[in-house]
Amino acid sequence: MAVEIITREAVKPSSPTPDHLREFNLRLLDQLAPVAYEPLVLFYSNFQQKFTVAHKSERLKRSLSETLSRFCPLAGRIKDDASIECNDFGAVFVEARVSCLLSKFLEKPDAEVIRKFIPIEIESPEELTGSLVLVQANFFACGGLAIGVCISHKVADPVTFSTFIKAWAAAAFHSGDSTVLPIFNAPSVFPPQNIPLSKPAALEFMRDRCVTKRVVFDASKVASLQVKAVSESVTCPTRVEAVTALIWKCAMNAARSNSEHLRYSILSQSVNLRKKMVRPLPEHTIGNLAGYFASCATECEVELQSLVRQLRKGLQDFGENYLKKLGKDKASMAICESFQEAASMLPEGTVDFYVSTSFCRLPFYGIDFGWGKPTWVTIPTGAYKNVASIMNAKDGKGIEAWVTLTEDDMAFFERDRELLAAASFDPVASDLIMPMSSL
């Protein structure tokens, strides 16, 4: 499948940034974020004839320009280790032509092809010197559209990403939500420290020859997993806990099958800090406001119930040890302590480290630019092993996960009987495909 770049241009804010807002201070969590872009691709298929390529492109650029005027740091550039210069340089907007039908692609979405729909490599170092927002509008031969968006991880966590995308779509659709103003007061809660904006060395050990697979759990299988995961200490496992625990279990079994030694396992997850603060912050507070907690498992703790207990315990321990400090002039200390603790757990010898990120609470399937809601939404994957990205399926009840493991581990993982009983690998997305006449 060929994806041909047609045009590339800068989209600047529709109105200049006032002088008093020309500098935006990063917060501690921005500094600690990896050098990478947060990616997202939204697929749209059900277009009326009035929506030509030129019409769609112009609507996206106009509304993006309006939105950047309210999210002024995202139109700027990182100036040093502690601030962004809000210079209105703008976002990059790319138009591309895809040489196939959207329906054909949706029959079996492929991770490598999906990465062609975003305008920059996820781990690109350009994040520190170039555009903080990049968009690629991919026009299929049938009239379908895939909008690939990348936002710098130094200024946005998934919640901020969602806030920006919703505001952009609302501006395109002329809905009342376009008047929602982002809030930029997080630096006062997490003031910056003397930390260089470089890639954490801890991430390098996660590079390897990897394979990424799409794993889909339908609603009934998710509900069954939740029932199986019930225990005395966790009487109501969440959908995400049940699915994450199963993926973790099967990944651990695969790693141990390829090792001569019993292996200790650590899984890291993130939590939205906005509502966890002593004085909660509004959801529209912009920046990196995600904390990270770790759950640990020994070779004896490989059953679904015990892993769900470890996931719940990791979150509870994070709350008891760190969240109680937030909002009490100890926020920066608490965050540094949590990162130091995570660093102390990094793999040495017979320890496996996994990262799972859930996007299930983010309403990406409601993003409407004026031509209907997405047919499919997905998160492109990066180059690191032992990573799982989890999203709601389109029905809001099932779950889709992109899982990246080493080639050897994936060979075992995708044959795991318990996993195959609960999920499908790279299924034909029949529920996403529109009739060929409409695509």
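An open sheet of 3 strands runs in the order β2-β5-β4, and its pairing is antiparallel. Strands here are DSSP runs of E with at least two residues, helices are runs of H or I with at least four residues, and both are numbered from the N terminus. Two strands are taken to pair if DSSP finds at least two bridges between them. β2 (23-25) and β4 (77-78) stand at the edges with a single partner strand each, so one side of each has no neighbour in the sheet. Strand β5 (residues 83-85) pairs with β2 in the antiparallel sense over 3 bridges, and Asn25 stands opposite Ser83 in β5. In general, strands of a sheet pair through backbone hydrogen bonds, either parallel or antiparallel.

The model is predicted: local features need pLDDT of at least 70 and side-chain atom pairs count only at pLDDT 80 or more, whereas totals for chains, interfaces and linings use all residues. Residues are numbered from 1 along each chain as its sequence is written, and side-chain values use heavy atoms, with hydrogens and water left out.

Asp88 is found in the loop between β5 and β6 (91-98), and its phi is near 60 degrees, a positive value in a residue other than glycine. Asp88 is buried, with a relative accessible area of 10%; buried means under 20% relative accessible area, exposed means over 50%, and partly exposed lies in between (1.4 Å probe, protein chains only). Asn386 likewise has a positive phi of about 60 degrees although it is not a glycine. This residue lies in the loop between β13 and β14 and counts as buried at 6% relative accessibility. Most residues other than glycine have a negative phi.

The structure holds 3 cavities of 30 Å³ or more. On a 1 Å grid over the protein atoms alone, a cavity is a set of points where a 1.4 Å probe fits but cannot get out; a pocket is an open set with protein on both sides within 12 Å along at least five of seven lines, and lining residues have an atom within 4 Å of a point. Grid points are joined across faces, edges and corners, and a volume is the space filled by probe spheres set on the points.

The largest cavity holds about 90 Å³ of space. It is lined by 15 residues, of which Ile247, Trp248, Leu267, Tyr354 and Ala388 are the closest to its centre. At least two lining residues come from each of α8 (239-257), β12 (351-358), β14 (387-392) and β15 (399-406), and α8 gives the most, with 4 residues. The lining comprises 11 nonpolar, 4 polar and no charged residues, where Ala, Val, Leu, Ile, Met, Phe, Trp, Tyr, Cys and Pro count as nonpolar, Asp, Glu, Lys and Arg as charged, and the others, Gly among them, as polar.

The second largest cavity has a volume of about 50 Å³. β13 (376-378), β14 and β15 each supply at least two residues of its lining. Among the lining residues are Trp376, Ser389, Glu400 and Trp402, and by class the lining divides into 7 nonpolar, 2 polar and 1 charged.

The second largest pocket has a volume of about 910 Å³. Of the 32 residues that line this pocket, Ser270, Val271, Asn272, Ser358 and Arg361 lie nearest its centre. Two or more lining residues come from each of α5 (158-173), α8, β10 (264-272), β11 (290-297), α9 (304-321) and β12, and α5 gives the most, with 5 residues. The pocket lining has 12 nonpolar, 11 polar and 9 charged residues.

Two residues may close the account. Ser265 is found in strand β10 and counts as buried at 1% relative accessibility. The side chain of Ser265 makes a polar contact with the side chain of Trp248 (2.8 Å); such a contact is a pair of N or O atoms within 3.5 Å, and within protein one must be able to donate a hydrogen and the other to accept it, with residues adjacent in sequence counted only if both atoms are side-chain atoms. Leaving aside neighbours within four places in sequence, Ser265 is in contact (heavy atoms within 4.5 Å) with residues including Trp248, Met252, Cys296 and Tyr354. Leu181, in the loop between α5 and α6 (186-189), is exposed, with a relative accessible area of 55%. Beyond its neighbours within four places in sequence, Leu181 is in contact with Arg70 and His284.
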